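Have the viewer ready, try each task, and then follow the solution step by step.

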Amino acid sequence: MGVLAWITLLPLAGAVLTMLVPRDEEAIHRGIGLGTAIITFIASLFILPEFDAGKAGFQLEVDKVWIESLGIHFHVGIDGISLWLVLLTTFLMPVTLLAPQAIGTRNIRVRDFTVAMLVLEAGMIGAFVALDLFVFYVFWELMLIPMYFIIGIWGGDRRLYASIKFVIYTLVGSLLMLVAILYLYAQYHAATGTFSFDYVALSRLTLPFQPQLLCFLAFALAFAIKVPLFPLHTWLPDAHVEAPTGGSVILAGVLLKFGTYGFLRFALPMFPLAADAAAPFIVILAVIGIVFGALMAYVQNDAKKLVAYSSVSHLGFVVLGIFSMGQMGVQGAIFQMLAHGISTGGLFLGVGLLYDRRHTRRLDDFGGMWKKMPIFSACFLVIVLASVGLPGLCGFVGEFLILLGTFGANNAWHRADMAGFFPMPKLMAIISASAVILSAMYLLTMTQKIFFGPLDKPENRDPHVRDIHGREKWVFGLIIVAALVMGVYPKPILERSEKSVSALISGFQARLKDARLDPTAPAHVFPPGNP
Amino acid sequence: MNAAESFNLRLIPLLPFIGATILILFGRHFKRQTVVMIAAGAIAGAAFVAFTGFFQALPSVAEEGGLRDVVWTWIATGDLTVDLAFRMDALSGLLCLIITFIGFLIHLYSAGYMEHEPDYARFFAYLNLFCGSMLVLVLGDSMPVMFVGWEGVGLCSYLLIGFWYSETANASAGKKAFITNRVGDFGFLIGMFLVFQATGTLRFSEINALSTPTSALAVAYHGMPLAFWVGLCLFIGATGKSAQIPLYVWLPDAMAGPTPVSALIHAATMVTAGVYMVARLHALYVLAPAMLAIVALVGAATALFAAIIGFAQNDFKKVLAYSTVSQLGFMFAGVGTANFSSGVFHLYTHAFFKAGLFLCAGSVMHAMSGSGDITKMGGLRKLTPWTHGVFLVCWLAICGVPIFSGFFSKDAIVAGAFATEIFEKVHLGWVGPAVGSILLLAALGTSFYMSRLYFLVFSGPSRADHETQHHIHESPSIMVGPLVVLAIGAGLGGLVGIPGGLFGHPEWNLLGEWLTSAVGPELEVPHQTEVMFMGISTVLAIIGIVLARVFYGGGYREPARAFAAAAPGFVKLVRDKFRIDELYDAVIIKPIRQLSSFLFRVVDRVLIDQILVGGVAAITDLFGRLARTFQTGDGQRYMAWFAVGAAVLVFLASRPPLPSELKVNVSGTTVTVDASRAGRPSQRGLTYSFDFDDDGRPEVQGTSAEARYTYDKGGPHTIRVTVHDPRWHKESSITSKVDVGSGSNN
């Protein structure tokens, strides 16, 4: 069995193993959880030597028949786009479980928490590597359930409200997506006579414009909620604030990427005509999200909410890059997804640690913490700077490429029928680039309120407010090393996704050209006559 | 590998970075001497490599673009390839020498100055980090690599301004510096995007080579050549980093940092980055003389404006800060009049005398128990003789007294402004003389406020309280040593750039000659113009000094008091720096905050979350409530609803199984009728009778819902279809009119 199947199933095996250990043995549960995550990470590293950066298509594929009569295969594989997202997942999970604060302050039911996190990991990896839409959907929903429990059981005071909001929001999107998947399945059968959920097969099916648009909207809604794209973002601050640290890290670090990954993997290649038609609107929403999220972050007094809104802003960049539909923009978007996973994951770990020490997240309650926790403060500052997009750290490369790609996107969003109100690429890039200023404003204001100024509040002087030690040092050390390496030497990442991205873009353009010839042509397989 | 690429330029920034890394990771456990050894050693190493490169490897290849060192490909995708590469040419090499040399001196000085600081290692770590970033900035071979250094020095500036973070004011000053700089960086980024779109490259050498009147950069775009817009965006970046109008506001606040930091970062090196960048892209700027005019005018205006504010400041370092803003204005006026080597020349002389002045300030404040209030000083000439001597030299240099370094560099800028012809091309010939005149005024102002500072601090009796006076002492030798070296540079450094026009020996202008390969030849100024402006400069410098002597010689004199009493409002306005900070706060910072707050409370919370999201939930809830009223758990009621439902079903099922309209197809005199409902096949058990002439006698009968009939003659007919449902014993019928023969139906 291939390495991809292994890393998908390993966390599930770990989860089963955890369940077999009696409820009281919390140390063993934690050990199994962390051990499984580390083994999964090491196993995932074996992808790298086998991965051929010169190839555009899927690699390391595993294709086993699952339900023959329905044409469902357990088909997994990766290309340059999913490769790094899988590694991000397998990297962040052990780092998160390493942090003693991952479970949050309601330190209960360690066994169940460990199981939930491991099932979540399996779901995430599975959804990234799935090449069968049925399998993808199964894993997509599989992620939702543990996250629901993580927020609902180990969350803060309003955990029930937040978890239900999270589930309803996400379910609305994914059920519509399921309908669209089934429609595609039926249409593919009508066009070719075979039943298949296979991604490669279905993604070559060209639908007439109207059903294509409906399917696109169904997919796009699911993804836009996950990203989250303005104005579908209000579940995010609530979910983050209530989620325990581990939940927040994984939610921001990986789960949100399914939105942008979905756009890139499914919405664009499968529905080129509709994606192209919707692009101007999505771009405008993305740009609004970039500025709006930043402005929202600026006025938050809750550190977690601040970071949550900053995610809205940063993920807006990713969507902008994807819909610039050019090599630089899309490459930048992929890089930004990874960078955001590292930096925002780190920020949530930091805020979680502060909450662990001080039982508050209100910026006003802090001040002068540098004096009390110098090592942690320095670490946190580095992560803040990575998030601000300081060149040399991970945040810069993605933002730079996205903005450069957007700036040069020429007439990508020009629509004759939009009476001159189409989003002009240069203008969009300039508006988005203002986030360079805004992100410095909100993140440095947060840094100042927490770490600088006089150490004048008695609670902060308490001896229990300890600097990071032991495992915590490893947690932040790993995040910082990752941020630094990605910022200084991003080449290994960029060059492995280069081919896949250029194939995706050229494929998209070719499909678009074909579909434009006759937008009302009945569903057919592209290229014509080659099922 | 050829000679130009065999030199390890990467070592120059790498050594300070290594020093910083060691100090950050382990510095807390080291002794003070070890910390200084590592930090100063790293800079000394970098200086050694830089000097070796500059004097040994560079001269032979300077004409061909200098040394280049590619570390690895940094960002490469699509059409973009950015190498992490360094380049040392005549310009960046000179800057490297200044940075490493002055940086080293300031490291030494800091060892004494920061002696009592508990966070010793952190300070030196930041200082090393800064030097490394600054070296990346100047050595960067392409705009993105320069941007790494550009942001890196901004970060270090932020960290060092807020070094004593326990004071909220210091931390705020650091934040203000960073954010203001980010406004500039925003311009820098857009400029980079524009350049890349036009030329497809981000390397300086290629951009300069492509800056020709026939290139894409010269194409008109919204009425101006593209180079104008590129230059404008980049200049916004320069105004941020180099503290020019309108983004100068952060620099005076930056004085909150330790004094060696002010000397190194906020006088000698970082703040000159904007000037360096304009000089670096000289060919691009020459392509857009209108943009150069903006650079020159902004520079001149800043020079004068900051000098005026300098008149009324009472904090030693604040005076020097405004003086720095003003002198940077001179440099921009220099590069803005296409006289690039003069701007760089002033950058170089300023680095020495301003670093010297700041370190003197540190030494004085050290002596005055930490206070920088010049109203409480005086009489330090005898008490701190070494510091006084150094300050004297640097003061004469900044005033522009002949022979001292500032004299030559300032004169090169002023004379060049009058002599330049570049603005004629865009019919802005007035710009050169206007800039020159403003600069002369600013030079007079400089001479006045610097002399005021000198007299108030060093001459006359001491105005300090008894306790402070008792403690006044000269600084230790580790601080005095670097001061003396800087004084030598400030005194004699100008001799490397004696203007060619002065004695008719262009080759005496060593610096101008040397820089030709990097920024183009020195602007030629006629002998008479040169001599005339040297004369005027000298006279103005002396007037300023004399005037200050009259006002402040030996302390506050009668004229100074009389002036302050005569125009108290104006003096206060100047002392409050024209209240620009308050203006920015009111028109930019506050509105952003209020807008954000409004958007959060109204749009995000109420409109989106409550009305939109909550609205969807409320609608769902409404349906839920409706459905709930039926679900009572009461068996009888369920039975009742069941009966109602059954009745509805019966009613629906017993509806005539006919369409609302017959589908009739006419061809000639033949009609085809389809009586099936909604396209579905007819239900089993139904019998249809078709009466094509509505006479009560059906022509066709059977179980098929379709029938065909041919009329004998054309004309209008009425078709009646009757369907019989044996299950309900029910008959229903529908009619349709048809006009046979003429082709129409219904």
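## Exercise 1: A buried loop residue

B:Ala243 is found in the loop between H8 and H9 of chain B. Before starting, note that this is a predicted model, in which local features need pLDDT of at least 70, side-chain atom pairs count only at pLDDT 80 or more, and totals for chains, interfaces and linings use all residues. Residues are numbered from 1 along each chain as its sequence is written, while chains are lettered from A and ligands numbered from 1 in the order in which they are written.

**Task.** Decide whether B:Ala243 counts as buried or exposed, and describe its phi.

**Solution.** 
- Step 1: Helices (H or I, at least four residues) and strands (E, at least two) are DSSP runs, numbered from the N terminus.
- Step 2: A residue is buried if 20 or more other C-beta atoms lie within 10 Å of its own, exposed if 12 or fewer, and partly exposed in between; the C-beta atoms are placed from the backbone.
- Step 3: B:Ala243 has 31 C-beta neighbours inside 10 Å, so B:Ala243 counts as buried.
- Step 4: The phi of B:Ala243 is positive, about 55°, although the residue is not a glycine.
- Step 5: The loop between helix H8 (226-241) and helix H9 (250-253) of chain B also holds B:Pro246. The peptide bond from B:Ile245 to B:Pro246 is cis, with omega near 5°.

## Exercise 2: Another positive phi

**Task.** Find where B:Phe578 lies and say how exposed B:Phe578 is.

**Solution.** 
- Step 1: B:Phe578 sits in the loop between H26 and helix H27 (580-630) of chain B.
- Step 2: The phi of B:Phe578 is near 60°, a positive value in a residue other than glycine.
- Step 3: B:Phe578 is partly exposed, because 13 other C-beta atoms lie within 10 Å.
- Step 4: Now look at helix H26 (residues 568-575) of chain B, which is hardly covered: the count of buried residues among its eight residues is zero.
- Step 5: H26(B) is followed by B:Lys577, whose phi is positive, near 60°.
- Step 6: For a contrast, turn to helix H11 (residues 245-255) of chain A, where eleven of its eleven residues are buried.

## Exercise 3: Packed helices

**Task.** Describe how H3(B) packs against H21(B) and against H2(B).

**Solution.** 
- Step 1: Two packed helices are described by the angle between their axes and the distance between the axes. Axes are lines fitted to C-alpha atoms, for helices over the stretch in contact, and angles run from 0 to 180 degrees between N-to-C directions.
- Step 2: Helix H3 (residues 90-113) and helix H21 (residues 477-492) of chain B pack at about 150°, with their axes 7 Å apart.
- Step 3: Angles under 35 degrees count as roughly parallel, over 145 as roughly antiparallel, 65 to 115 as roughly perpendicular and the rest as oblique. H3(B) and H21(B) are therefore roughly antiparallel to each other.
- Step 4: The residues of the contact of H3(B) with H21(B) divide into eleven nonpolar, two polar and no charged. Here Ala, Val, Leu, Ile, Met, Phe, Trp, Tyr, Cys and Pro count as nonpolar, Asp, Glu, Lys and Arg as charged, and the others, Gly among them, as polar.
- Step 5: Helix H2 (residues 32-61) of chain B packs with H3(B) at about 155°, and the axes are 9 Å apart. H2(B) and H3(B) are therefore roughly antiparallel to each other.
- Step 6: The contact of H2(B) with H3(B) has 17 nonpolar, five polar and no charged residues.

## Exercise 4: Where the chains meet

**Task.** How many residues of chain A are in contact with chain B?

**Solution.** 
- Step 1: Two residues are in contact if their C-beta atoms, placed from the backbone, lie within 7 Å.
- Step 2: 42 residues of chain A are in contact with 40 residues of chain B.
- Step 3: H20(A) gives the largest share of the side of chain A that touches chain B, six residues.
- Step 4: By class, that side of chain A has 29 nonpolar, ten polar and three charged residues.
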